[in-house]
Amino acid sequence: MRGKTLSIGLRAVLAIIAATLFVTSTWAQTHEQVLHSFGNGTDGTSPQAGLIVDASGNLYGTTFLGGTYNNGTVFELTPAGGGSWTETVLHNFNNNGTDGVYPLAGLIFDAVGNLYGTTEAGGTQYDGTVFELSPGQGGGWTETVLYSFNWNGNNTDGAYPYASLIFDGAGNLYGTTYNGGTYGWGTVFELTPAGGGSWTEKVL
């Protein structure tokens with residue numbers, strides 16, 4: 001019986017060693033591939049958030065800075081064969097009094113392929129925005145600012161949305177702001193489609 005117990009123990013130890021060698025071998029074979037290096041010309045720089053992927057395997061994300069106006073970008077990475085990827089800047093954020101600037105968060109899709117996100121600052125009051133990017137038939141994308149936060153004009157509204165958004169089943173958007181609200185320490189908000197392309201914000 002003692003010999004049988006030792007045999008079982010020996011088999012267990014050998015199994016653990018084999019598993020360890022397999023894992024070590026797998027790790028040794030893992031390698032990193034840089035898909036894109038930012039900062040080339042009018043490219044974006046300083047990506048802060050994660051990526052999302054569409055059904056075709058294209059990747060989408062944001063950069064905090066860079067682009068034509070150095071206010072950040074939305075970009076797409078498309079597999080180009082042979083392991084290479086092609087980057088396309090879909091939108092350059094522009095501090096023009098309505099557009100947002102400095103996107104910190106990642107993006108989300110709706111059911112028909114539009115992209116939604118937030119910018120930390122910019123908009124009509126420079127308190128940040130929620131935006132939508134819609135693909136056009138010719139391959140371009142059109143940005144629409146869905147909401148500009150206005151803490152200075154309405155001290156219950158939020159300011160500076162740092163994080164990404166979520167959808168509910170009815171198509172309402174939800175998110176948070178870093179500052180603003182009644183006490184100045186941030187808000188949770190809801191954006192509801194109001195018809196005609198407009199959205200109504202409510203501080204929850």
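1. Basis of the note. This is a predicted model, in which local features need pLDDT of at least 70 and side-chain atom pairs count only at pLDDT 80 or more, while totals for chains, interfaces and linings use all residues. Residues are numbered from 1 along each chain as its sequence is written, and side-chain values use heavy atoms, with hydrogens and water left out.

2. Overall composition. The protein contains one helix and 18 strands. Helices (H or I, at least four residues) and strands (E, at least two) are DSSP runs, numbered from the N terminus. Of the 204 residues, 36% are buried; buried means under 20% relative accessible area, exposed over 50%, and partly exposed in between (1.4 Å probe, protein chains only).

3. Four strands form an open sheet in the order 2-3-5-6, with antiparallel pairing. Strand 2 (52-53) and strand 6 (84-92) stand at the edges with a single partner strand each, so one side of each has no neighbour in the sheet. Two strands pair if DSSP finds at least two bridges between them. Strand 3 (residues 59-63) and strand 5 (residues 73-81) run antiparallel and are joined by five bridges. Within this pairing, T62 stands opposite V74 in strand 5.

4. The nonpolar cores. A nonpolar core is a set of buried Ala, Val, Leu, Ile, Met, Phe, Trp, Tyr and Cys residues joined through side-chain atoms within 4.5 Å. The largest one has 11 residues, among them I108, Y116, F149, F189 and W199. Strand 12 (141-148) and strand 17 (187-195) are the elements that give two or more residues to this core. A second, separate core has nine residues, including Y60, V74, L115 and L133. In soluble globular proteins, nonpolar side chains tend to be buried together.

5. Surroundings of F149. Which residues does F149 touch, not counting those up to four places away in sequence? Its contacts (heavy atoms within 4.5 Å) include Q125, V130, P161, F189 and E201.

6. The salt bridge. How many salt bridges does a search of the whole structure find? The search finds one, where a salt bridge is a side-chain nitrogen of Lys or Arg within 4 Å of a carboxyl oxygen of Asp or Glu. E190 forms a salt bridge with K202, and the closest N and O atoms are 3.8 Å apart. The pair links distant parts of the chain, with E190 in strand 17 and K202 in strand 18 (residues 198-203), 12 residues apart. E190 is buried, at a relative accessible area of 9%, whereas K202 is partly exposed, at 48%.
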